[in-house]
Amino acid sequence: MSDASRTRARWLTLLPIAAVAAVNLAGVWGIALARRGAAEEANRLFAAETRARALTIERKLGDIRANLAFLASSAPVSGLLEAAGGDAARFRREAAEGALLVFLRSHPEVVRLAVHSGSGAPLLLMGRRGGIPVLWVSSSPTGDEGVAMAPDAPRLHASVAASGGAALRLETEVAPAMLLAHGDLPERQCRLADAAGAPLARRASRATDAAVGGRSLEATAAVPAEGWSAPGPWTLACSEPEQLATAIMEPLAARYRTTLALNLAAMALAVLLGGLALREVSRRERVEARAREEARVRELERQLFHAERLTTVGRLAAGMAHEINNPLEGMSNWLSLAREDLSRGRVEEAEGHLARVKEGLDRAAGIVRQVLAHAEPSNASHSVVDLHEVIGDASRLVQSRREFQRIQFALELASGPLLVRGNAVMLGQVALNLILNACEMQPGGGEVRVRSERDGGRVVAEFADRGPGVPEADRERIFEPFFTTKSSTGLGLSISHSIVRQHQGELSFLPRPG
């Protein structure tokens, strides 16, 4: 190899290494930018969440005052001052107590509710005991509300006068801590303060910033609050460790560090294995070998496709012959009966048998149409079909065959028509296959029982026989094409299973003990 070739090979070896190094540096820079962008996005989302929480608190306070005003003007509360005694006064008081209890249950933030007369005397006192709304009874002759005020805990007060001339006033107490109750992360903390900066409520985090490490995300939002004991507008301030918001970037950074180490190892290996000539030759050989292999695979695929088409044609012909043979045998039996009746002068009976022959011809023609539409199943016509008529026609056709004269047929059909949407010829083909299969399993005579019922939005048809059953080893294969335990093509159950599935149904086999 000449010096020029060696220099060229050296440069061609170093260029990929330099390119990989540049890609790694760009990746490190991208991780840093992504981490910074994640922090900025987390800060923006945190501020939006804080504003949304402030709006929620404002809505809760507004709902409390609005419902309190509605309660003050309601008939149960304003009726407390009506001059009456006896049962009428007791009923009005109970109605007012019920309205106040409903108000407390609707607003878990309210811890106390009182109704005062125009002179300030308490008429009704409501509070909470263990979080449950209860009625307070004042023990002071002056109407002191006592423990209902809960003076040892911070409270927000609001009062509303009754409208409509009633000398009533409703006063409520709200626990500020309940306004901050939410299901946030345990590391998030929030603080609610009034316009003067006095704290109203604080939700402390379960972990300090020092324990989590790093900086914190902080956001504030104003909470308009009119008509409450604390001056507004209030301020909601929340904070959360920044590391929690950007934690999603840590797995990515760890994976990239692993990738960087693997890339360094790959570069060292590339230096040891470099050699432009050898790589060029190897690459050319691999390309040529791949081209030859792809050509061979395409030829095998073409042969396999041709063989599959031949197999499909053979199966189609066998299935068609099998399905048409059943109505042909029935037609032969009906023609024999018609011939006997004509020889005896029984024309009406012969005409009935010839009608059955016509039904067999129609069934064979329908099977041919089904085979022709096999390539496009959506073209098969569907209409409302009475399943009882389909089962009855198939049963009468099988009973006409001489070889099944010793088999008893029992039809236990549901009362009234059993209507389904489908193709009558295809469903008749299924019923005929199942009844024939049951009869053929009892060559020495037996019983075939057909039962039908409606199960919710579906219909169920059950075909039972007293044959020897299916061996356990063959139960998973009875619906496979060309599988049979007797001298047949093995296509009857397979075709029936396919037709039932086309009708969004299910064909299953169940052993019958005894």
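The legends below accompany several close-up views of one predicted protein model.

In this predicted model, local features need pLDDT of at least 70 and side-chain atom pairs count only at pLDDT 80 or more, while totals for chains, interfaces and linings use all residues. Residues are numbered from 1 along each chain as its sequence is written, and side-chain values use heavy atoms, with hydrogens and water left out.

**Figure 1. The protein chain as a whole, with its helices, strands and surface.**
The protein chain holds 12 helices and 14 strands, where helices (H or I, at least four residues) and strands (E, at least two) are DSSP runs numbered from the N terminus. Of its 514 residues, 33% count as buried; buried means under 20% relative accessible area, exposed means over 50%, and partly exposed lies in between (1.4 Å probe, protein chains only). The accessible surface of the protein chain comes to about 30400 Å², and 57% of this belongs to carbon and sulfur atoms; such areas come from the Shrake-Rupley method with a 1.4 Å probe, and for residues only the protein chains shown count as cover. Among the contacts with a separation of 6 or more, 66% are between residues 24 or more positions apart, a contact being heavy atoms within 4.5 Å.

Side chains of opposite charge can pair when their charged atoms come close. Here a salt bridge is a side-chain nitrogen of Lys or Arg within 4 Å of a carboxyl oxygen of Asp or Glu, and by this rule the count comes to 14 salt bridges.

**Figure 2. A salt bridge between two strands, and a network of salt bridges.**
Arg451 forms a salt bridge with Glu462, and their closest N and O atoms are 3.4 Å apart. Because Arg451 lies in strand 13 (residues 446-455) and Glu462 in strand 14 (residues 458-465), the pair ties together parts that are 11 residues apart in sequence. Arg451 is partly exposed, with a relative accessible area of 26%, and Glu462 is partly exposed at 37%. A network of salt bridges links Glu412, Glu447, Arg449 and Arg466.

**Figure 3. Helix 11 where it meets helix 10 and helix 12.**
Two packed helices are described by the angle between their axes and the distance between the axes. The axes of helix 10 and helix 11 (residues 424-440) come within 9 Å and cross at roughly 45°. Residues of helix 10 that take part, including Val390, Ile391 and Ala394, meet residues of helix 11, including Ala424, Leu427 and Gly428. The axes of helix 11 and helix 12 also come within 9 Å, and they cross at roughly 145°. That contact is made by residues including Met426, Gln429 and Val430 of helix 11 and Gly492, Leu493 and Ile495 of helix 12. Axes are lines fitted to C-alpha atoms, for helices over the stretch in contact, and angles run from 0 to 180 degrees between N-to-C directions.

**Figure 4. His503 and Gln504 in the segment after helix 12.**
His503 lies in the segment after helix 12 (492-502) and is buried, with a relative accessible area of 15%. Leaving aside neighbours within four places in sequence, His503 is in contact with His382, Arg421, Gly422, Asn423, Met426 and Leu427. Gln504 lies in the segment after helix 12 as well, but it counts as exposed at 63% relative accessibility. Gln504 has a positive phi of about 55° although it is not a glycine.

**Figure 5. A cis peptide bond between Gly232 and Pro233.**
Most residues other than glycine have a negative phi, and most peptide bonds are trans. Gly232 and Pro233 are joined by a cis peptide bond, with omega at about 0°. Pro233 is found in the loop between strand 8 (216-223) and strand 9 (234-241).
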